[in-house]
Amino acid sequence: MPKPFYGFLDHTADLGIWVEGRDLCGLFANAALALSDLLVECPSDDPSRCSGRCFSIEQADLETLLVGWLREILYVWSVEKRYAARILCIELSEYRLTAKIELGYYDANRCELLHDIKAVTYHQVEVNRSHNGYRAQVIFDV
């Protein structure tokens, strides 16, 4: 059984998670997939129902870059009801992220809504090196 790449943090009112990745690109990819896992559960995505999307984000440090990245994913969910189904590529360089992801489409007949996440917060956000690569934590307003 593979080791999970994210888990829940104890938090009184909101939803907190930790996420891991072998490198920073893997960390950011796993964070996007974890957010999608928290939003919706869908059966395997039909490739004809998926679409590619490119993102480019620049921030002052890794923590704000992570929050900005997850806010982009949440925005697409909130406006279009599309979620990160697969991460096709991520490139990071000096606090700039460029990514291409495959977005799945929410279908109320096939998918189950799990959490109503309103925002990605800066509260207790962290990105740190770990013995396995990188580990981050982020709190979502629900």
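Reader: Leaving aside its neighbours within four places in sequence, with which residues is Ala34 in contact?
Author: In this predicted model, local features need pLDDT of at least 70, side-chain atom pairs count only at pLDDT 80 or more, and totals for chains, interfaces and linings use all residues. Residues are numbered from 1 along each chain as its sequence is written, and side-chain values use heavy atoms, with hydrogens and water left out. Ala34 has its place in helix H1, where helices (H or I, at least four residues) and strands (E, at least two) are DSSP runs numbered from the N terminus. Taking contact as heavy atoms within 4.5 Å, and setting aside neighbours up to four places away in sequence, the partners of Ala34 are Phe5, Tyr6 and Ile17.

Reader: Is Ala34 buried or exposed?
Author: The classes rest on relative accessible area, found with a 1.4 Å probe on protein chains only: under 20% is buried, over 50% exposed, and anything in between partly exposed. Because its relative accessible area is 0%, Ala34 is classed as buried.

Reader: Which residues have the most contacts inside the largest nonpolar core?
Author: Such a core is a set of buried Ala, Val, Leu, Ile, Met, Phe, Trp, Tyr and Cys residues joined through side-chain atoms within 4.5 Å, and the largest one has 45 residues. Among the elements that give two or more residues to this core are helix H1 (24–39), helix H2 (62–80) and strand E10 (133–141). Leu70, for its part, touches Ala31, Ala32, Leu35, Val120, Val138 and Phe140, not counting residues up to four places away in sequence. The residues with the most contacts inside the core are Phe28, Leu66, Trp69, Leu70 and Phe140.

Reader: By class, which residues make up the lining of the largest pocket?
Author: H1, strand E3 (40–41) and E5 each supply at least two residues of this lining. Ala, Val, Leu, Ile, Met, Phe, Trp, Tyr, Cys and Pro count as nonpolar, Asp, Glu, Lys and Arg as charged, and the others, Gly among them, as polar. On that basis, the lining consists of eight nonpolar, one polar and three charged residues.

Reader: What is the angle between the planes of Tyr6 and Phe8?
Author: Rings of Phe, Tyr and Trp (its six-membered ring) pair if their centres lie within 6.5 Å, with planes under 30 degrees apart counted as stacked, over 60 as edge-to-face and the rest as tilted. The structure holds four aromatic pairs, and ring pairs link Phe5, Tyr6 and Phe8 into a cluster. Phe8 itself is exposed, at a relative accessible area of 51%. The pair of Tyr6 and Phe8 is edge-to-face, with a centre-to-centre distance of 6.4 Å and an angle between the planes of 70°.
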